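My entries follow the display.

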Amino acid sequence: MRLRAVLFDMDGTLLDTAPDFIAVIQAMRHARGLPPVAEARVRDVVSGGARAMVLNAFDVAPDSAEFEALRLEFLDRYQEHCAVYSRLYDGMEQLLVDIEKAGLIWGVVTNKPVRFAEPIMQRLGLAERSSVLVCPDHVTRSKPDPEPMLLACDKLSLEPASVLFVGDDLRDIESGRAAGSRTAAVRYGYIHPGDDPSHWGADVVVSHPQELRSVLDHALCRC
């Protein structure tokens, strides 16, 4: 089936959002008189969400009241500063332009809550270009379940087989495959050290957004 749309995971695939996470963690440590943490300690666990980032940056027990207070503070601070340093990955803007020029549509399927995802898309000027945004708030089961992908396809009135889903986590690939979509894994995102995207079962693995251009060209030639 001919390709009709490209859907992206947000963090680590469409956008490099780690700088804002890092800035929030550093501000929290500074407020407590602690030295800055190595940025890699935050970046390496972005895919694990607020819980992983807080645990990696502070010496607290995960079942403690102190941890929960830190987690909530992290989320509150991030909501206020979620699109200060976040940017499209190098080469992604040109890829989006190429997608649009080819008459395809694109959108975002993310495990990021809508209260963060929507402001980021709006502040980066992407909301009006994106055809769909699916967050955990819109479904009962998040990735790796296929429900988010199926909902996005339904909103676009497209068969999943006509959609390419691009992600930087095994959950993305599992969600796309279970939905019946084609999948692309990226190496440039928030890949946990020791993990290997080539083992995720994606249809293709790329190291740079512009490598997806040849993937799209090939897919557009398929009937």
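I looked up the largest pocket and found about 430 Å³ of space in it. A pocket here is, on a 1 Å grid over the protein atoms alone, an open set of points where a 1.4 Å probe fits, with protein on both sides within 12 Å along at least five of seven lines; lining residues have an atom within 4 Å of a point. The volume is the space filled by probe spheres set on the points, which are joined across faces, edges and corners. The model is predicted: local features need pLDDT of at least 70, side-chain atom pairs count only at pLDDT 80 or more, and totals for chains, interfaces and linings use all residues. Residues are numbered from 1 along each chain as its sequence is written, and side-chain values use heavy atoms, with hydrogens and water left out.

I listed 23 lining residues; Asp11, Val46, Gly49, Asn111 and Lys112 lie nearest the centre. Helices H3 (49-57), H4 (65-80) and H8 (170-179) each give at least two residues to this lining. Helices (H or I, at least four residues) and strands (E, at least two) are DSSP runs, numbered from the N terminus. By class I noted 10 nonpolar, five polar and eight charged residues in the lining. Asp, Glu, Lys and Arg count as charged; Ala, Val, Leu, Ile, Met, Phe, Trp, Tyr, Cys and Pro as nonpolar; the others, Gly among them, as polar.

**Core.** Next I checked the largest nonpolar core, which has 57 residues. Such a core is a set of buried Ala, Val, Leu, Ile, Met, Phe, Trp, Tyr and Cys residues joined through side-chain atoms within 4.5 Å; buried means under 20% relative accessible area (1.4 Å probe, protein chains only). Phe8, Leu14, Phe74, Ile99 and Trp106 touch the most other members. Helix H1 (residues 18-31) gives the most to this core, six residues. Apart from it I found another core, of 14 residues, including Val139 and Cys153.

**Strand E4.** Which residue did I look up in strand E4? I picked Val108. Val108 is buried, at a relative accessible area of 0%. Leaving aside neighbours within four places in sequence, its contacts (heavy atoms within 4.5 Å) include Leu7, Met10, Met121 and Val132. The C-alpha atoms of Val108 and Val134 are 6.3 Å apart, with the two residues 26 apart along the chain. In E5, Val108 has Leu133 as its bridge partner. E4 and E5 run parallel, joined by two bridges. E1 and E4 also run parallel, with four bridges. I noted that four of the five residues of E4 are buried.

How values were computed: Buried < 20%, exposed > 50% of the residue type's maximum accessible area, 1.4 Å probe, protein only. Pairing = 2+ DSSP bridges.
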